[in-house]
Amino acid sequence: MSEIHQDTLELLEWPRLAEHLAGFASTAAGRRHCALLGLPDHPAESRRLLLETTELLALDGLCEGGLSLQGAGDIAATVALCAKGGCCGGEELLAVAATLATARRLRRQIEDPELRPVTSALVAELRTLPELEQRLHFCLEEGGRVADRASGPLEAVRRQLLELRGERRDRLQELVRRYASLLQDTVVSERSGRPVLAVKAGAAAQVGGLVHDSSASGSTVYVEPQAVIALGNRIRDDEGQERELERQVRSELSALVGEQAEPLGHLQQVLVRIDAGLARARYGQWLGAVRPELAETADAPFELRDLRHPLLLWQERREGGRPVVPVSISVGPELRVVAITGPNTGGKTVTLKSLGLAALMARAGLFLPCAGTPRLPWCGQVLADIGDEQSLQQNLSTFSGHIRRIARILGALPERGSVLEGSAALVLLDEVGAGTDPTEGSALAAALLRHLADRARLTVATTHFGELKALKYADPRFENASVAFDVETLSPTYRLQWGIPGRSNALAIASRLGLAPAVLAVAAAQLEPGGEGDVNRVIEGLEQERLRQQEAAEAAAALLARTELLHEELLQRWSQQKEQSAELQEQRRQRLELSIREGQGEVRRLIRRLRSVGQEVRAGGRVAGETARQAGQRLRHLEQQHRPLPERRDHGGWRPRVGDRIRLLALGKAAEVLAISDDGSELSVRCGVLRLSVELAGIEGLHGEKPAPPEPPPQVRIRSRRSPGSRGPEVRTEGNTVDVRGLRVHEAEAAVEERLRGANGPVWVIHGIGTGKLKRGLREWLSGLAWVERVSDAEPGDGGPGCSVIWVK
């Protein structure tokens, strides 16, 4: 990395942001990686990092308690030592086993190529070496101690050590009891790794043994009794053998780890990348940041709405700093230079740093603290000249320091044609041209900005020079922006305004800071007419006009919002009324259906009662039959009245034929045509188990066809005989015949009554012979009708006993 690029990172405080990011890492290796956060050299790598961050953020939210790297250690040094043939300690080897287990668990959680293609590809080639992990756990206990099962000789030595230590302990306890009167204390102590007794100074010779130490006062000597010295020597020898056998086991395990140095090194790198990606995701979530879109071309626009400086956000949330004021940056593809003007302490430098950090964060795979979806090109170069470069040691003035740094910036910018495809250069200049004569500084700054417009994708410069504000009107690649200033409170608002150059407001700020009014009055009088003072007045007028337009736009937006709310409220009320109307109709229909079912139940009960009574109460039966018939007719009338009317369509020329399926309008059911009268006006149909005769006008096709009227019948002379008082013919025809076979008594009564009401002569009722119950029921009912003259059996040719002829008065 060149010197100017490193200077830019320092000026933008990139190391401080990386330090904040490292606080979200879970492992020591991940924290080191984040603290030295590098910048990718290709746009594809940055897009891959952004996808990694996105996928890990989603997975972290799905896992209960978040995605955990607990157990993952920094095993790079351990693997390197093992690869060189060294012997590692038990704890280091156990850390390798725990890291392998963590990597296996993470691979199971992450691997889903359809849902997480980038991170799944990251762990696809990961080798978690389960055999090595099992061997390490088999040979090592918690804390890194070599287990007895790891080696047969080791187990035998430890068993012998246990026996010798037990024997020595028993002998010491016996000696304590024997020499209790000679001892200062009955507790067995230890000196130089050997057990000793606290013996009184004058009784050491009586106990016998090797003196290892004495107390400060000299009244107590610490003696290893002669009876346990040999046992202690044997124990010391066995402990040496134990250490040697443990070292052999650890050496064997270290050799196994060294054999897998390459896959273990790859595994360590993958875990560090996962930890870093998870840190980026959690840091972005903590900032309230969103994923940026990196454009494919370098000339793409910068669209950053409500961008907040990440370091100021950290101060606000972690250190109780002031609330961060967001800035919105919108730079079209045709713009190359933006000149930001305005008063000091107004937020110009913060805007520069926010934009620079946003470009670096997107390049490093970090989310941006913006609103909406930020869009910007991939900035392969971010170069900045911010701050004062004055140095007494190097004999540099402020102006000289700026010029030297700008020279390095121009040297770092690539020539056209050598730029990486899709890579943009972002240049940030603070107080360009300052520190020297204003006239020369302004000319130098204008020339520099025109030069950068040809070589960099975007240059953002802060300035107080009025000449730079006019570049916009001579070159369409330039744009003005300013930081707002509240003239009432004489304080900056830190909000960025586009399209309008700002005023320095030096006199207003000086007045707020307490400068003498007399001095300010003289300064105001000396402002050159037609110069900077007139320009400031024009700018002031533009600001006032912008404020008026902004207030009008806000009022229009508020009115539109109220209109939308009213519209939604009206739609909601209409929907509620519609639902209530449908609910009322449904309730009425349910009540009607309930009434019909209750009436039908009542009819069925009456019929059962009539059947049970039978022949015993004929008079009462006739009354109940009449009641049942009337109830049935009433129910059919209600059902027909509330049944939705079928769609009637005029299909001219359609006539039913025998065998056709038609719909009975009176019943609303389908039926089959059995026979058609000669004149075509009546049909004999079968509906379920019922056989009925219906008029042509009482039917329709299954698709709503309306039947055509029948053709007039030919004139035929029929010799008939009339009965006294009747006007119709006494010959049986289809028009005066009703077939009630298969019907119940009350159903037959309803069919016969309907035919009798329109009859002008005798009516033939075909009821069949059968058991005679239908015939008897009809005859009994007919005998009670006052307008029936008589009832008799038909002629043998007309049906005989199976057909009754009814003569009406």
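**An aromatic cluster and its surroundings**

Guide: Phe24, Tyr283, Trp286 and Trp314 are linked into a cluster by ring pairs. Please bear in mind that this is a predicted model. In total, the structure holds three aromatic pairs.

Visitor: Why is the pair of phenylalanine 24 and tryptophan 286 called tilted?

Guide: The ring centres of phenylalanine 24 and tryptophan 286 are 6.2 Å apart, and the planes make an angle of 55°. Rings pair if their centres lie within 6.5 Å, and planes count as stacked under 30 degrees and as edge-to-face over 60. The distance of 6.2 Å therefore qualifies as a pair, and the angle of 55° makes the pair tilted.

Visitor: What makes this pair a tie between separate parts of the chain?

Guide: Phenylalanine 24 belongs to the loop between α2 and α3 (28–35), whereas tryptophan 286 belongs to helix α12 (residues 261–287). The pair therefore ties together parts that are 262 residues apart in sequence.

Visitor: How do you know whether phenylalanine 24 is buried or exposed?

Guide: The relative accessible area of phenylalanine 24 is 16%. Buried means under 20%, so phenylalanine 24 is buried.

Visitor: Which class does tryptophan 286 fall into, and why?

Guide: Tryptophan 286 has 22% relative accessibility.

Visitor: What makes the buried residues of helix α1 line one face?

Guide: The buried residues of helix α1 (residues 3–11) are Ile4, His5, Thr8, Leu9 and Leu11. Viewed down the axis of α1, these buried residues fall within an arc of 165°, so they line one face of the helix. Their cover includes α2 (14–22), α14 (348–363), β9 (371–385) and α15 (398–412). After α1 comes glutamate 13, with a positive phi near 60°.

Visitor: Why is strand β9 described as mostly covered?

Guide: Of the 15 residues of β9, eleven are buried. Buried means under 20% relative accessible area, so β9 is described as mostly covered.

Visitor: How do you know which strands pair with β9?

Guide: Two strands pair if at least two bridges are found between them. Strand β5 (residues 293–295) runs parallel to β9 and is joined to β9 by three bridges; glutamate 293 stands opposite arginine 375 in β9. Strand β6 (residues 302–307) pairs with β9 in the antiparallel sense over two bridges, and arginine 305 stands opposite alanine 371 in β9. Strand β10 (residues 423–429) runs parallel to β9, with seven bridges between them; here leucine 383 stands opposite valine 427 in β10.

Visitor: What makes the contact between glutamate 224 and histidine 212 a polar one?

Guide: The side chains of glutamate 224 and histidine 212 make this contact at 2.8 Å. Glutamate 224 is found in strand β4 (residues 220–225) and counts as buried at 1% relative accessibility. Residues touched by glutamate 224 include Arg194, Pro195, Val196 and Ile229.

Visitor: Why are β19 and β21 called edge strands?

Guide: Four strands form an open sheet of mixed pairing, in the order β19-β20-β22-β21. Strands β19 (737–739) and β21 (788–793) each pair on one side only, and they are the edge strands. From one strand to the next, the twist averages 20°. Strand β19 runs parallel to β20 (residues 763–766), with three bridges between them, and aspartate 739 stands opposite isoleucine 766 in β20.

Visitor: Which helices lie across strands of this sheet?

Guide: Helix α22 (residues 745–757) lies across β19, β20 and β22 (803–808), at about 170° to β19. Helix α23 (residues 773–783) lies across β20, β21 and β22, at about 160° to β21.

How values were computed. Residues numbered from 1 in each chain as written. Predicted model: local features only at pLDDT ≥ 70, side-chain atom pairs only at ≥ 80, totals over all residues. Heavy atoms only, no water. Buried < 20%, exposed > 50% of the residue type's maximum accessible area, 1.4 Å probe, protein only. Arc of directions from axis to C-beta. Contact = heavy atoms within 4.5 Å. Polar contact = N/O pair within 3.5 Å; in protein donor to acceptor, adjacent residues only side chain to side chain. Axes fitted to C-alpha atoms, helices over the stretch in contact; angles between N-to-C directions. Phe/Tyr/Trp six-rings, centres within 6.5 Å; stacked < 30°, edge-to-face > 60°. Lists of a residue's contacts leave out its neighbours within four places in sequence.
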